[in-house]
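Here is a short report on how one protein chain is put together. Look at the structure first, then read on.

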Amino acid sequence: MSLENWQSRYSQPDRVWSNRPNQWLVEVASQLVPGSAIDVGSGEGADAIWLAESGWRVTGLDFAPAALRRAAEHVPNPEVAGRIIWQEQDLVSWRPTPRSADFVSVQFFHAQPEVRSQVHQRAWEATRRDLLIVGHDLTNATEGNGGPPDPTVLYSAEEVLASLDVTGADVLAAERRSRNPDDPQSIMWDSMLWVRRGNSG
């Protein structure tokens, strides 16, 4: 979707997404020592806010000013707000400072493969420790519910891993995961890649 479309969606009175942080981000980040984090494509801010509430210093990146305004409005208190920087950023032109954050999260960024691979590679360059990439798995289009119907913007964790230069890194997870597995009418299939940079990586 274009910037204009996202601006329009985020300008509506109702929330676009739930007010809950993404499940796999919570699972992974809860195992880490809080430090600095970048939330790539932060949207309405649920992930960035949860990270800040958990003690992280967070930069939330999104190209839609309306999303950033909405995210800032939902920060619960000044203490949490003081740990978040909301930054307008076109991810196609994003050039992060190498190894500038302890943890970088890219949640459900769905674009054409060449753009997606570029953003994922920049995210890997930005982290000095952990990278988490989560999206709707390729199989979600035929076996799951919700998410983009266009299979060209979906991906497996293995596909993402193959597109990155992670020489010397530890791959802690590269797998398909299910949400709502007990309800066939609402099951969703996600891809999850968690990579940790080694001392030489």
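Helix α3, residues 46-53, lies across β1, β2, β3 and β4. Its direction is about 155° to that of β3. Axes are lines fitted to C-alpha atoms, for helices over the stretch in contact, and angles run from 0 to 180 degrees between N-to-C directions. Contact means heavy atoms within 4.5 Å. Helix α6, residues 113-126, lies across β1, β4, β5 and β7, at about 150° to β5.

This is a predicted model: local features need pLDDT of at least 70, side-chain atom pairs count only at pLDDT 80 or more, and totals for chains, interfaces and linings use all residues. Residues are numbered from 1 along each chain as its sequence is written, and side-chain values use heavy atoms, with hydrogens and water left out.

The chain has eight helices and seven strands. Helices (H or I, at least four residues) and strands (E, at least two) are DSSP runs, numbered from the N terminus.

Seven strands form an open sheet in the order β3-β2-β1-β4-β5-β7-β6, with mixed pairing. Two strands pair if DSSP finds at least two bridges between them. The edge strands, β3 and β6, each pair on one side only. Neighbouring strands of the sheet are turned by 15° against each other on average, direction ignored. Strands β4 and β5 run parallel and are joined by six bridges. Alanine 101 has threonine 127 in β5 as its bridge partner.

| Strand | Residues |
|---|---|
| β1 | 36-40 |
| β2 | 57-62 |
| β3 | 84-88 |
| β4 | 101-107 |
| β5 | 127-136 |
| β6 | 170-179 |
| β7 | 188-196 |

Now for the inside. Of the chain's 201 residues, 47% count as buried. Buried means under 20% relative accessible area, exposed over 50%, partly exposed in between (1.4 Å probe, protein chains only). A nonpolar core is a set of buried Ala, Val, Leu, Ile, Met, Phe, Trp, Tyr and Cys residues joined through side-chain atoms within 4.5 Å.

The largest such core has 24 residues. Ile38, Val40, Trp94, Val104, Leu131 and Ile133 touch the most other members. Two or more residues come from each of β1, β4, α6, β5, α8 and β7. Helix α6 gives the largest share, four residues. Another core, of 22 residues, lies apart from it and includes Trp50, Leu51, Ala52 and Val80.

Which residues does leucine 131 touch, not counting those up to four places away in sequence? They are Val104, Val106, His120, Ala123, Trp124, Leu164, Leu193, Trp194 and Val195.
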